[in-house]
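The following paragraphs lead the reader through a single protein chain, from its overall form to individual residues. Please keep the sequence and the model in view while reading.

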Amino acid sequence: MLLDLKPLFAGSRDSLSVDFSMDLSELSFLGVKPLKAPVAISGKIVSRAGVVESQLNCKVEYTAPCDRCCTETVKEYSFDINRTIVQSLENEENDEMVVVEDMKLDLETFCYADIVMSLPTKFLCKDTCRGLCSTCGKNLNEGDCGCTHTEIDPRLSALADLLKE
Ligand SMILES: [Zn+2]
Ligand SMILES: [Zn+2]
């Protein structure tokens, strides 16, 4: 979606509202496609004292299996994209500034990297997830399985193996 920023740069408007959604359902991340629902982006692009900047909020619904128990879990979060938008960079490079050629802002491209960078690399159904039993595979969040869980320090179990021999 292309947004014409000319009214902002020309000073005839001081804000343009933005309300759209992005279909990222085909985006693969950590082996799954977590963005089953469209990402909703809303807010505005404003011009304040001649400086054009984004005041956008992205709402993400993230669906992926829990790292510990593999239960498919949906979590929602949102984050802001506040960036200065310029027509050209006057001197050195500046990562915080976005350059728009011919005053057109491609909103999808503008938001894409931030959305990808917002994706969680560790994902749990809940912080206290107990995971799966290493012996029988039961989901321990649903109750104990009856296996004896002697949670041994892996270093101690290596020692125990040595002693058995
Ligand atoms: Zn879990
Ligand atoms: Zn078990």
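The radius of gyration used here is taken over C-alpha atoms, and the value for a globule follows a rule of 2.2 Å times the number of residues to the power 0.38. In this predicted model, the protein has a radius of gyration of 24 Å, whereas a compact globule of 165 residues would have one near 15 Å. The extent of the C-alpha trace can also be given along its principal axes, where the span is about 80 × 35 × 25 Å. Of the 165 residues, 14% are buried.

The domain assignment divides the protein into domain 1, covering 2-128, and domain 2, covering 130-165. Taken over C-alpha atoms, the centres of domain 1 and domain 2 are separated by 43 Å. How many residues of each domain are in contact with the other? Contacts join 4 residues of domain 1 to 4 residues of domain 2. On the side of domain 1 that touches domain 2, there are 2 nonpolar residues, 1 polar residue and 1 charged residue.

The secondary structure consists of 3 helices and 8 strands. Along the sequence these elements follow the pattern β-α-β-β-β-β-β-β-β-α-α. Among contacts with a separation of 6 or more, 53% are between residues 24 or more positions apart.

In soluble globular proteins, nonpolar side chains tend to be buried together. The largest nonpolar core of this protein has 18 residues, and those touching the most other members are Leu5, Val39, Ile41 and Cys58. At least two residues of this core come from each of β3 (39-48), β4 (51-65) and α2. The most is given by β4, which supplies 6 residues.

Attention may now turn to Cys145, which is found in the loop between α2 (107-118) and α3 (154-164). Is Cys145 buried, exposed or partly exposed? A residue is buried if 20 or more other C-beta atoms lie within 10 Å of its own, and exposed if 12 or fewer do. Cys145 counts as partly exposed because it has 14 C-beta neighbours inside 10 Å. Not counting residues up to four places away in sequence, Cys145 touches Cys133, Cys136, Lys138 and Leu140. Between Cys145 and Leu56 there are 47 Å in space, C-alpha to C-alpha, and the two are 89 residues apart in sequence.

Terms used. Residues are numbered from 1 along each chain as its sequence is written. Chains are lettered from A and ligands numbered from 1 in the order in which they are written. This is a predicted model: local features need pLDDT of at least 70, side-chain atom pairs count only at pLDDT 80 or more; totals for chains, interfaces and linings use all residues. Domain bounds come from an automatic or database domain assignment. Two residues are in contact if their C-beta atoms, placed from the backbone, lie within 7 Å. Ala, Val, Leu, Ile, Met, Phe, Trp, Tyr, Cys and Pro count as nonpolar, Asp, Glu, Lys and Arg as charged, and the others, Gly among them, as polar. Helices (H or I, at least four residues) and strands (E, at least two) are DSSP runs, numbered from the N terminus. A nonpolar core is a set of buried Ala, Val, Leu, Ile, Met, Phe, Trp, Tyr and Cys residues joined through C-beta atoms within 7 Å.
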